[in-house]
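Welcome, and thank you for opening the viewer. Let us take a short tour, one selection at a time.

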Amino acid sequence: MTLPKDFGFSEEASLLKQTSRDFLQNKLPTEKLHQLVADDPDSFRSPVAKWDRELWREMTALGWSTLSIPDSLGGLGMPAVAVAGLVEETSRAALPSPLMSTLQACFVLAACESEHANTALQKILSGQAATLAITDQFGSWDAQDSGVSATPVSDGYRLNGTAWFVQDAAKADFYIVKAKGDEGIGLFSVDAGAAGLNASPDHIVDLTRDQAHIDFSNVEVADSAVLALPGCGVGAMHVAEPAILTLIAADIVGAGEWQLQTTVEYAKTRVQFDHPLGFFQAVKHPLVDLMLLIDQARALVYTAACAIDHEPRHAEKYARMAKAAACEVAAFGSRKSMQLHGGIGYTWECFVQIYFKRQIHNQMLFGDAAYQRTKLADLIIGTA
Amino acid sequence: MTDSTPQESPDQQTFRKYCREWLQDNLPPAPPVILPQMAIGLMYTEQLDYLVQWQKSAFDAGLVGCDYPRNCGGGGHENYQRIANEEMHKAKTPYFPNVIGLGMAAPTLFYHASDELKQRLLPKLFSAEEIWCQGFSEPGAGSDLASVQTFAEPKPGDDHKWIINGQKVWTSLAHFASWMILLARTDKSDKYNGLSYFVVPIKAALGKGVTVKPLIKASGETGFNEVLFENLEIDDAYRLDEVGKGWQVAMTTLTHERGAGALVMPSAGGQADDDSDSSSISGVGDVLRLARNSYRFGKRAVDDPLIRDQLVKLLIRDEGLSRSMGVHNVDGLREHPSRIPMQGKLAVTELMQDAAALALEIEGASSSLYVADSNAPEKGRWSMGYINSFANTIAAGTSEVQRNILGERVLGMPKSK
């Protein structure tokens, strides 16, 4: 099998990308975003998820959260490349929403290939938001690691332990919990309000997201909420991992383009030494370098997304490449956007800090560049 | 990635099949002499003869100039050259010798020359019967190309002749060339509008106003030259476009030289990576192979975690770069019409340089051995390649100039000095 040269990016996907950009520019311009998420600069304020629920309802009404769900189940059945294009646009707006986590959940649920997973997809189709509770306290993204145990009981499982670094936890209606049973890793659907579940919000750097660690204390999960039986979860996570990585990489690329364009605009207007900043090569050249980094990462995002649908055996390689390349965009773009804005870029009121923090958060999410490259070295070169 | 795709028309698919079959039957024998890494390093007639024969046979078979009109020796097709190039790369053919002709002179002639001149010059350019060189840079005009001082003045009393005096440098292939594309000053009072563009029959004028002297590169190779003009007389029919429009014509040349022009350059030469479904555009795949076969300070290079990380970094850049043209070709993903094509030269040449530098690190102690040493890894390919990689980051607009151009034309920042 080979990848289609246009990445399978249809006219429909193109239209979605353009309309979502317009929609978000209209609904959540950066000034409004700043008012929403940056109303309180106190680092010790209590962690509250700042987001626009009405906007989320409009997005779900447009079907954005169900893009990848097959038509046969009631979704829009669009290719992964269209999903990546949408995530890129929402992140260009630094949108606080459970969209990415819900889209990632859709790929995990699809990979479970179970009737119960289809039931969970129906919840997303009804407008619910989901997120992944798949990480342990050591921050391991590896499929076989979990800080939660699953013990079989008469009509299901009982979960105990803690899931860490759960994204947009306060916005999610239900969690996909990765837990370890005697037979291995399983996946479970748990409602946010389940008895015995306690989500403690983390104080995080990123103003556009919320994050929590979730304690499970004898949380009962019925058989009907078992998405993948213990022993089957690792396989499902491996299938879904390229999509998880591709979407976070798309998120970075979208925010990176905002950082590039905003800093270029500043370099055209801010005058020092009788010239706009962009006249000086010390300012101009790093911005060109950022553009090159973005375009290579972006090409890898679309290649990875395309491979998910057309060449799954190579999807992991491209997705890890995409995330690794995107992390370079996040690191370099954030540094340069703040540095080249000078004194104003270092203030709370400037919009640059919002994207800077989102990108720092994005870098670590699902493994940073060094982590991905270590995996890639084993994958491409072979284990040392 | 390079197989036929649903987007290709039936005619294009037939052409691809034809190319593949022709190449199977007509792949040239191994060269009788060692060839330099790139055509612009050609030094000896034996090297040139072998490659000219190859380019001519590919031209006769319709694999060169496919997208040019029939009346100037082309195939009269649309989007065939890319296909022929892909098949020639996959077949690992030798490269073409007439690279300045194919990459720069041909598109410039196509857009700016009279029909008569096109019909006269292009067929022999495509067949490599006439080799071309480029007379742009001068001792005083490098990155600031528009400051060229080589002067062309009308011959007193003859409106149809020009007299040329001056000096061109870094002129690759001039020692073999029949023709030169020449940027010369026709008006000393206007920097940009005082330039005009000519084609000059330099071989015919050797000893009659033209002197070609070899320059020796940092690598120790010859292959480029300085060319001196002393009262060379040429016909006005060899002028392209109007007097004073030389800078605009030169932009056509440079846009194509940097790979961002509309006409796809006929290009052969195998770099395809057998291990992968995509082909490496920068030689990074070869560096990975080198790492598998190298010992570095007593240990296998491919087991060194820092070398592995460096390799993966380059593999990621290589993959991203080769896929980015695909993004450019999708309407809904294109952010700016020339954003990706104009990056190509900068991104590829810097990646090639980084790849060669990593190859030397991988070789460890053996990176000290140069081409004449029988123990040099891969015949010293990387020691020489690293030095020669600077030809690419300097020629055709240095990396620094490329960053200016991208910052100005794509990102819209003010012009730097």
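Start by selecting H9(B) and helix H11 (residues 399-410) of chain B, whose axes come within 9 Å and cross at roughly 145°. Axes here are lines fitted to C-alpha atoms, for helices over the stretch in contact, and angles run from 0 to 180 degrees between N-to-C directions. Helices (H or I, at least four residues) and strands (E, at least two) are DSSP runs, numbered from the N terminus. Now show side chains: B:Lys345, B:Leu346, B:Thr349 and B:Glu350 of H9(B) meet B:Ser399, B:Gln402 and B:Arg403 of H11(B). Contact means that the C-beta atoms of two residues, placed from the backbone, lie within 7 Å.

A word on what you are viewing: this is a predicted model, in which local features need pLDDT of at least 70, side-chain atom pairs count only at pLDDT 80 or more, and totals for chains, interfaces and linings use all residues. Residues are numbered from 1 along each chain as its sequence is written, while chains are lettered from A and ligands numbered from 1 in the order in which they are written.

Next, select helix H7 (residues 284-293) of chain B. Its buried residues are B:Val284, B:Gly285, B:Val287, B:Leu288, B:Leu290 and B:Ala291; buried means that 20 or more other C-beta atoms lie within 10 Å of a residue's own. Their cover includes H12 of chain A, as well as helix H8 (305-328) and helix H9 (344-363) of chain B.

Stay on B:Val287 for a moment. Leaving aside residues up to four places away in sequence, B:Val287 touches B:Leu311, B:Leu314, B:Ala355, B:Leu358, B:Ala359 and B:Ile362. Which residues touch the most other members of the largest nonpolar core? They are B:Val287, A:Phe188, A:Ala297, A:Val301, A:Tyr302 and A:Ala322, in a core of 170 residues. Such a core is a set of buried Ala, Val, Leu, Ile, Met, Phe, Trp, Tyr and Cys residues joined through C-beta atoms within 7 Å. H7(A) gives this core its largest share, 19 residues.

Now colour the two chains separately. Their contact takes 42 residues from chain A and 41 residues from chain B. On the side of chain A that touches chain B, H8(A) supplies the largest share, 15 residues.

Finish inside chain A, where the domain assignment (automatic or from a database) gives domain 1 (11-128), domain 2 (132-231) and domain 3 (234-381). Select domain 2 and domain 3 of chain A: their centres, taken over C-alpha atoms, are separated by 29 Å.

Methods:
Buried ≥ 20, exposed ≤ 12 C-beta atoms within 10 Å, placed from the backbone.
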